[in-house]
Every structure is written in structure tokens, then in C-alpha cells.
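Let's walk through this structure together, with the model open beside the text.

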Amino acid sequence: MSFEDYRGVWVFIEEKEGQIAPVSLELLGAGRRLADKRGDELAGILIGDQITALADTVFEYGADTVYTYDSPIFKHYRTETFMKALLACTEKYKPEIILYGATSTGKDLASAVATDLPTGLTADTTILDVEEDTGLLLASRPAFGGNIMATILCKKYRPQMATVRPKVMKALSPEPGRRGKLIEESIPLKEEEVRTKVLEIVRDTVKQVRIDEADIIVAGGKGLGSPSGFQLIHQLADVLGAAVGGSRDVVEAGWIEHHHQVGQTGVTVTPKIYFAIGISGAIQHIVGMQNSGLIIAINKDPNAAIFQACHHGIVGDAFEIVPMLIEQFNHAWN
Ligand code: FAD
């Protein structure tokens, strides 16, 4: 393997129902910085059905080149079809770096591609850099329970690959009208050769605000004592039109589903306001919410670590304070 043959930074552009996932735009921002440092091109790779028109957006957010695989066979994400397209493209054009969003699709695709290519994959990266002269990707992520940041290198193989957490990188401001090179590709794959069929798409109809999109999150921890105590969190969230979050311990206790978990092994969130109620403030929780605009903590232990990470802290019993907040907000709202 000659490293000289591998050039450029690629971003897998995730698309659903005609929309590009925000994390892909964030990665174009991060990828642009890496590509500029190397004096190389930034490319987006778009796979889907009738997705070529989205290439313009990818250019506007910083790509020089967009590779497309546009065919009905790619209408729904399937590991096998997307992986075959990405592998074919990688083999043909040999990128130095490929970045994917650490979403369920990005993680699935990246790990599948990594099983076929003789290379490694750094998962859940939060900081990216590149050595200007060697092109070595410096992919950093929390390790050992979040107590240290580990920088992971892939010294012997190319391409270098990483999945990157949503909301940690910054998208560039789009440059309307910015265009680049569009390269339309295809693979000779027939529907009958694909082992997985999408029979039906079942939508999650739960009417709740998603935590990764919410402006306000009310998050509760083990301090709420029980599933019925945790209802206080839902009540405060309802009054504020907020999303409900939780620590890992309440998810493991079954008080709330995993997609509400904030933190290292949950979702990274950046709402305008984050309430942490009955949450101790373990580092694994803090890494998932520390970039929130305003953090308000309620905890009865004045020495709880959460008070080191918040803007406003209330020392006291959640069962006394939260009902007062609900009453006050209700009063203010109505
Ligand atoms: P506790 O630590 O038990 O804290 C409860 C808090 O409630 C205490 O501070 C207590 O003083 C307070 N309290 C009690 N009663 C009241 C009351 N009546 N009113 C007000 N306050 C009260 N954790 C996450 O959250 N997210 C993650 O993604 C995550 N990933 C992890 C990954 C790894 C590899 C590991 C090892 C751990 C991870 N954890 C994660 C777990 C983490 O280390 C903590 O164990 C967890 O966050 C603690 O949850 P908690 O704050 O709800 O519970």
C-alpha cells in the first residue's frame, strides 16, 4: 500500500427523506479544515435515490467534489448496498480520510466498510486534527470511562476512518452558489442480489420533543428515587415545552428509554437551557451536556460534582423545588 496514492478528505453525506443530516454538514466544516491543512480536496459522498440535487448543498457547505450513487436501489439505507457503493468509490479514488456521523446509519456503515477494507476505524470521535506533512489523522475521543482523552492513530493503513459525534463540530456558513466537481458513479448491483428488503417503515409516533433538537431539556437522575418520582421531570418538561433527558442510571433502571440518555454513551446535546435534577454530575454525563447555553442544577448534596459544571445551582430537595418551579412557570405562562 503506497500512502502517496491516497489523497483527500471525504465525508459520507447522510440523507433521509430528501434532507441532509445536520451532522454531515458539521463534518464538511471539520473536513474542510483538515483538507486545507493538507492542501487537498474535500469531497462529499452522496448515496440515495434522486439525491443528485443535494450535491449543490454539499458544495455550498465546503466540498470541492461530490461523488453520487443515485439509484432506486439506494432508496432506503441498507448496509449491503451502501457499503458496496462506498467500497467501490474508495477503491477507485483512494481517499486519505473518510468521516462519518456517529449516528445509527453512520456507525453501521463505517463499521461494515471497516470490516472489508484493511484499515481501522475510530468510533465516536470528538476532536479531529491532521498532521500537515504526513496526513496522519489525529482522532480523539473520551476513553477509560471518560477520564482521559485518547488520540487514536492509524499509522499503517489507508484510508483512515472515523465516526464523529453529532453537534461537536461546527458547520461552515453556506456559500450560496458555490459549486464544484460532480462525479456520478454507479455499481452493477441488481435488487434481486440484495439480501435485505425494506418491507415497511414504521414511524415513531411518540409525541415528544427530541433531545438532540430541543432548545430546553429537563434531565433527571437517580436522585428522583423511583419511576413515579421521575414523573416530576416530565411535568416540568411539559410546562416548559422541553424535552426530557436522563442519566445512564435512570435509563438502566428502566425509568426512561435509552434515546433520552445524555452523555458519553448517550446523546450529546447543546440546548439553550439544560436542567440537571438529581444528577450527580459524573464526567460521563457532563461530556454530553457541557456545551449547553445555560445549565441549571438542582441537587441536595452541596458537594455534588454537577455544581462545578453548572451556571446556576440550587442546593435542595427536588421534591420541594421542582413543584415550586412548575407552579411559577405555569403562573408565568398563563
Ligand atoms: P447518582 O450518581 O446516583 O446521583 C444521584 C444524585 O441525586 C446525587 O448527586 C444525589 O445527591 C442527588 N439526590 C438524591 N436525592 C435527591 C433529591 N431528593 N433532590 C435532589 N437531588 C437528590 N452516565 C450518564 O449519565 N450518561 C452516560 O452516557 C454515561 N456513560 C457512561 C459510560 C461509561 C463507560 C461509564 C463507566 C459510566 C457511564 N455513565 C454515564 C454513568 C456515570 O458514571 C454515573 O454513574 C451516572 O451518570 C450517575 O447517574 P445519576 O447522576 O443519575 O445517579
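I127 stands opposite S140 in β9. The model you are looking at is predicted: local features need pLDDT of at least 70, side-chain atom pairs count only at pLDDT 80 or more, and totals for chains, interfaces and linings use all residues. Residues are numbered from 1 along each chain as its sequence is written, and side-chain values use heavy atoms, with hydrogens and water left out.

Strand β9 covers residues 137-143 and pairs with β8 in the antiparallel sense over 4 bridges. Here, strands (E, at least two residues) and helices (H or I, at least four) are DSSP runs numbered from the N terminus, and two strands pair if DSSP finds at least two bridges between them. The open sheet has 3 strands in the order β8-β9-β10, with antiparallel pairing. β8 (127-130) and β10 (148-152) stand at the edges with a single partner strand each, so one side of each is left without a neighbour in the sheet. On average, neighbouring strands of this sheet are turned by 25 degrees against each other, direction ignored.

Helix α1 (residues 22-38) packs on the sheet and touches β8 and β9, where contact means heavy atoms within 4.5 Å. The direction of α1 makes about 15 degrees with that of β8; axes are lines fitted to C-alpha atoms, for helices over the stretch in contact, and angles run from 0 to 180 degrees between N-to-C directions.

## Around the ligand

Which residues come nearest to the ligand? Of the 25 residues around it, they are K222, S247, T265, S280 and N299; a residue counts as near if one of its heavy atoms lies within 4 Å. The shell divides into 5 nonpolar, 14 polar and 6 charged residues, with Gly counted among the polar ones. Helices α6 (248-252), α7 (283-286) and α9 (318-333) each supply at least two residues of this shell.

A polar side-chain atom of N299 lies 2.7 Å from an oxygen atom of the ligand, a polar contact being a pair of N or O atoms within 3.5 Å. For Q264, a backbone N or O atom lies 3.0 Å from a ligand oxygen atom. Taken alone the ligand exposes 980 Å², and the protein buries 77% of that (Shrake-Rupley method, 1.4 Å probe).

Most residues other than glycine have a negative phi, and most peptide bonds are trans. The peptide bond from R158 to P159 is cis, with omega near -5 degrees, and P159 is found in the loop between β10 and β11 (160-164). Q50, in the loop between β4 (42-48) and α2 (55-60), has a positive phi near 55 degrees.

Key. Polar contact = N/O pair within 3.5 Å; in protein donor to acceptor, adjacent residues only side chain to side chain.
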